[in-house]
Amino acid sequence: MRKWITFALACAAVWAQPVEIARVVSKQLEQTVKLPGEFAPYQSVELRARVNGYVERVLVDRGSFVKKGQLLVELTAPEMKAQIAEAVSRAQAAESQHAEAQARLAAAQSTYDRLKAAAQTPGAIAGNELTQAEQTVEAAKAAVTAAQDSTRAARSAVDTLKQMETYLNVTAPFAGVV
């Protein structure tokens with residue numbers, strides 16, 4: 001019991017001490033600290049056009065906020081438009097050569113079929129003529145294949161130039177500040 005009395009007296013002594021109370025007041029900080037520092041970007045990139053051209057329009061300025069994919073600069077390249085027109089013309093010429101080669105193949109095949117039917121009658125057609133007609137068909141098939149490949153190559157050239165034309169637009173690679 002004596003321990004309890006000592007404990008109670010000790011607690012009373014702690015509670016009996018005076019406590020200072022202060023009012024909480026909100027106010028501006030009165031001290032300013034100047035520290036040296038440097039702002040460094042999280043991401044940084046140097047933008048360049050993939051093709052040569054003249055600057056047509058600049059759509060943003062230094063300090064502008066941009067979104068990913070936003071158009072920043074438009075370039076123009078008149079010679080590229082001429083190259084595209086020339087490539088389209090070559091593609092059309094290749095397509096017409098392909099059509100012409102197919103017509104020659106159809107004619108050669110028709111001639112060969114007629115000669116083959118006529119060769120069924122003994123002595124009507126010489127064997128050499130039938131062989132020549134067959135070789136003409138094979139050559140026409142090869143010409144059709146070559147014209148088809150040429151057409152594909154010409155179309156691919158047009159697609160490549162049109163893809164390069166899209167490089168005349170410089171866009172933001174990520175969202176940020178110019």
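Contact means heavy atoms within 4.5 Å. The exercises below concern a predicted model, in which local features need pLDDT of at least 70, side-chain atom pairs count only at pLDDT 80 or more, and totals for chains, interfaces and linings use all residues. Residues are numbered from 1 along each chain as its sequence is written, and side-chain values use heavy atoms, with hydrogens and water left out.

**Exercise 1. Histidine 98**

Task: Determine in which helix histidine 98 has its place, whether it is buried or exposed, and which residues it touches.

Solution. 
- Step 1. Helices (H or I, at least four residues) and strands (E, at least two) are DSSP runs, numbered from the N terminus. Histidine 98 belongs to helix 2.
- Step 2. Buried means under 20% relative accessible area, exposed over 50%, and partly exposed in between (1.4 Å probe, protein chains only). Histidine 98 has a relative accessible area of 15%, so it is buried.
- Step 3. When residues up to four places away in sequence are not counted, histidine 98 touches Val144, Ala147, Gln148 and Thr151.

**Exercise 2. The sheet**

Task: State in what order the three strands form the sheet, and identify the bridge partners of valine 58, valine 55 and leucine 71.

Solution. 
- Step 1. Two strands pair if DSSP finds at least two bridges between them. The open sheet has the order 1-3-4, with antiparallel pairing.
- Step 2. Strand 1 (54-58) and strand 4 (169-171) are the edge strands; each has a single partner strand, so one side of each has no neighbour in the sheet.
- Step 3. From one strand to the next the twist averages 25° (axes are lines fitted to C-alpha atoms, for helices over the stretch in contact, and angles run from 0 to 180 degrees between N-to-C directions).
- Step 4. Four bridges connect strand 1 with strand 3 in the antiparallel sense. Within this pairing, valine 58 has valine 73 as its bridge partner in strand 3, and valine 55 has leucine 75.
- Step 5. Strand 3 (residues 71-76) and strand 4 run antiparallel and are joined by three bridges. Leucine 71 is partnered by threonine 171, while valine 73 stands opposite valine 170 in strand 4.
- Step 6. Of the five residues of strand 1, the number buried is zero, so this strand lies largely in the open.

**Exercise 3. The nonpolar cores**

Task: Find how many residues the largest nonpolar core has and which helix supplies the largest share of this core.

Solution. 
- Step 1. A nonpolar core is a set of buried Ala, Val, Leu, Ile, Met, Phe, Trp, Tyr and Cys residues joined through side-chain atoms within 4.5 Å. The largest one has 18 residues, and those with the most contacts inside it are Val66, Leu72, Val73, Met80 and Leu168.
- Step 2. At least two residues of this core come from each of strand 3, helix 2 (78-118) and helix 3 (127-166). Helix 2 gives the largest share, five residues.
- Step 3. A second, separate core has 10 residues, including Leu105, Tyr112, Ala133 and Val137.
- Step 4. Apart from neighbours within four places in sequence, the contacts of leucine 72 include Leu47, Val58, Val66 and Val170.
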